[in-house]
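Visitor: I am new to this structure and would like to learn how to read its features one by one. Could you take me through a few of them?

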Amino acid sequence: MATKHLNKAEFENKVAKLNGKWQFLGDKPVLVDFYAAWCRPCQMLSPIVDEVAEEYAGRVDIYKVNVDDEQELAAYFNVRSIPTLAYIPLDDKPMLVPGGMGKAQLKENIEKLLLK
């Protein structure tokens, strides 16, 4: 399963509404990769996120959000640098981790933050 790209409307239908109290809508934990097409570290992280999406298919929903196209969504999460990964567990608030990382670290974070 390929990584899905989200816009604000899709985010509000699949993950959470952006107004008021945080209310998670998904049935699986979520990882969101906030990126920009021109960002070199984002380009390096992108294939890793795609690989991990395949490996965690059915257990974690993994999405990508282009911060240039979806500025309101990036602002909602207070994304200040890219790449930034938002880990959204089923029963807790989102956690942001800025910066790139290798596949092993990404998988460790998913296990620790989303599948605990």
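Guide: Let us begin with how elements are named, since helices and strands are DSSP runs numbered from the N terminus. Please keep in mind that this is a predicted model.

Visitor: Is W38 buried or exposed?

Guide: The idea is to compare the relative accessible area with a cut-off, and exposed means over 50%. W38 has a relative accessibility of 61%, so this residue counts as exposed.

Visitor: Which residues does W38 touch, not counting those up to four places away in sequence?

Guide: Setting those sequence neighbours aside, W38 touches Q43, D68 and I82. With D68 there is also a polar contact, made from side chain to side chain at 2.7 Å.

Visitor: What can be said about the peptide bond that joins I82 and P83?

Guide: Here the angle to read is omega, which is about 0° for the bond between I82 and P83, and this bond is cis. P83 itself sits in the loop between α3 and β4. That loop between α3 and β4 also holds N78, whose phi is near 60°, a positive value in a residue other than glycine. N78 is partly exposed, its relative accessible area being 42%.

Visitor: Which cysteines form a disulfide?

Guide: One looks at the distance between sulfur atoms, and for C39 and C42, which form a disulfide, that distance is 2.5 Å. The count of disulfides by this rule is 1. The torsion about the S-S bond of C39 and C42 is about 75°, so the disulfide is right-handed.

Visitor: How many residues does the largest nonpolar core have, and which of them have the most contacts inside it?

Guide: The largest nonpolar core has 23 residues, and those with the most contacts inside it are F11, V15, V32, F34, F77 and I88. Two or more residues are given to this core by each of β2 (30–35), β3 (61–66), α3 (71–76) and β4 (84–88), and the largest share, 4 residues, comes from β2.

Visitor: With which residues is V32 in contact, leaving aside its neighbours within four places in sequence?

Guide: Apart from those neighbours, V32 is in contact with F11, Y63, V65, T84, L85, A86 and I88. There is also a second, separate core of 16 residues, which includes L45, V60, L85 and L106.

How values were computed: Residues numbered from 1 in each chain as written. Predicted model: local features only at pLDDT ≥ 70, side-chain atom pairs only at ≥ 80, totals over all residues. Heavy atoms only, no water. Core = buried A, V, L, I, M, F, W, Y, C linked by side-chain atoms within 4.5 Å. Buried < 20%, exposed > 50% of the residue type's maximum accessible area, 1.4 Å probe, protein only. Contact = heavy atoms within 4.5 Å. Polar contact = N/O pair within 3.5 Å; in protein donor to acceptor, adjacent residues only side chain to side chain. Disulfide = S-S within 2.5 Å.
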